[in-house]
Amino acid sequence: MKQKLLPVLFAAGLTVAAAPAFAQSAGDWTLGLGVHQVDPKSDNGTLAGGTLPLSVGSDAKPSLTFEYFIRDNLGIEVLAAWPFQHDISVKGVGRVGSTKHLPPTFSLQYHFNDKGVVSPLVGVGLNYTTFFSEDTRGALEGANLELGDSWGLAAHAGLDFRVSENAAVRVDVRWIDIDSSVRVDGARLGTASIDPLVYGAAYVMKF
């Protein structure tokens, strides 16, 4: 999936031809429609006293952002998405289950060079991730798998490429702190440290 998204990000960068300014003033708001991939870090922790190393898979889904500008160039953004689904594996054992999650993220972010063709942005915020529809198979087939919800910090950086006064193509990346307690048949086995990079592209419209 990562290989499929990279051409999308590259193509977005090619939209940088001469375009009008996309300035954001206090009271403006934007809506972004895109696709983002949640790519967990490579080391997702261990369960059962360090005996079961976890591996959490990646997934890409449609995404939605809403940002309201409280001051010129300074906005509060909410990120939402279609539920992501991740395979869960234990190294040396294989796939043992899967889960879905929703990661709504609230960020305070600043936009630079708002009158230019290319406008960088940076932000920090708070993420809440809720897990649901856990499934088991393989070595855990028939067991009850539960992943606890997570609160964590988030960081955001991106580039807006202006295509008109009221639209831009955005490529961006986020880091999100997601740690989930793992229970099997009610017994707590440890913590899944997911801590993903979330990257993708979106078409952003200003209103």
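Strand β3 (residues 52-56) pairs with β6 in the antiparallel sense, and three bridges hold the pairing in this predicted model. On β6 there is also a pairing with strand β7 (residues 94-102), again antiparallel, with seven bridges joining the two.

- Ile88 of β6 is the bridge partner of Val56, and in β7 the bridge partner of Ile88 is Gly97, which places Ile88 in both pairings.
- The side chains of strand β6 (residues 84-90) alternate along its length, with Phe84, His86, Ile88 and Val90 pointing to one face, where they are buried.

**Salt bridges**

- Side chains of opposite charge can pair when their charged atoms come close.
- Across the whole structure, a search finds 10 salt bridges.
- Glu77 forms one of them with Arg174, with 2.9 Å between the closest N and O atoms; this pair links distant parts of the chain, since Glu77 lies in strand β5 (residues 74-81) and Arg174 in strand β12 (residues 167-176), 97 residues apart.
- Both partners of that pair, Glu77 and Arg174, are buried, and Arg174 counts as buried because its relative accessibility is 2%, where the cut-off is under 20%.
- Arg174 also forms a salt bridge with Asp172, for which the closest N and O atoms are 3.9 Å apart, and Asp172 is itself buried, with a relative accessible area of 8%.
- Through shared partners, salt bridges join Glu77, Asp160, Arg162, Arg170, Asp172 and Arg174 into one network.
- Another salt bridge is formed by Lys61 with Asp59, the closest N and O atoms being 2.7 Å apart; Asp59 has a relative accessible area of 13% and is therefore buried.

**Nonpolar patch on the surface**

- Trp29, Phe66, Tyr68, Ile70, Ile76, Leu108 and Phe207 form a nonpolar patch on the surface, and together these residues have about 640 Å² of accessible area.
- Strand β4 (residues 59-71) gives the most to this patch, contributing three residues.
- Phe66, one of the patch residues, is found in strand β4 and is partly exposed, as its relative accessible area is 37%.

**Leu140 in a loop**

- Leu140 is found in the loop that lies between β9 (118-136) and β10 (145-147).
- When its neighbours within four places in sequence are left aside, Leu140 is in contact with Val96 and Val184.
- Leu140 and Val96 are separated by 44 residues in sequence, whereas their C-alpha atoms are 5.5 Å apart in space.

How values were computed:
Residues are numbered from 1 along each chain as its sequence is written. This is a predicted model: local features need pLDDT of at least 70, side-chain atom pairs count only at pLDDT 80 or more; totals for chains, interfaces and linings use all residues. Side-chain values use heavy atoms; hydrogens and water are left out. Helices (H or I, at least four residues) and strands (E, at least two) are DSSP runs, numbered from the N terminus. Contact means heavy atoms within 4.5 Å. Patches are made of residues with over 30% relative accessible area and no salt bridge: like charges are joined within 9 Å, nonpolar side chains (Val, Leu, Ile, Met, Phe, Trp, Tyr) within 5 Å. Accessible areas come from the Shrake-Rupley method with a 1.4 Å probe; for residues, only the protein chains shown count as cover. A salt bridge is a side-chain nitrogen of Lys or Arg within 4 Å of a carboxyl oxygen of Asp or Glu. Buried means under 20% relative accessible area, exposed over 50%, partly exposed in between (1.4 Å probe, protein chains only). Two strands pair if DSSP finds at least two bridges between them.
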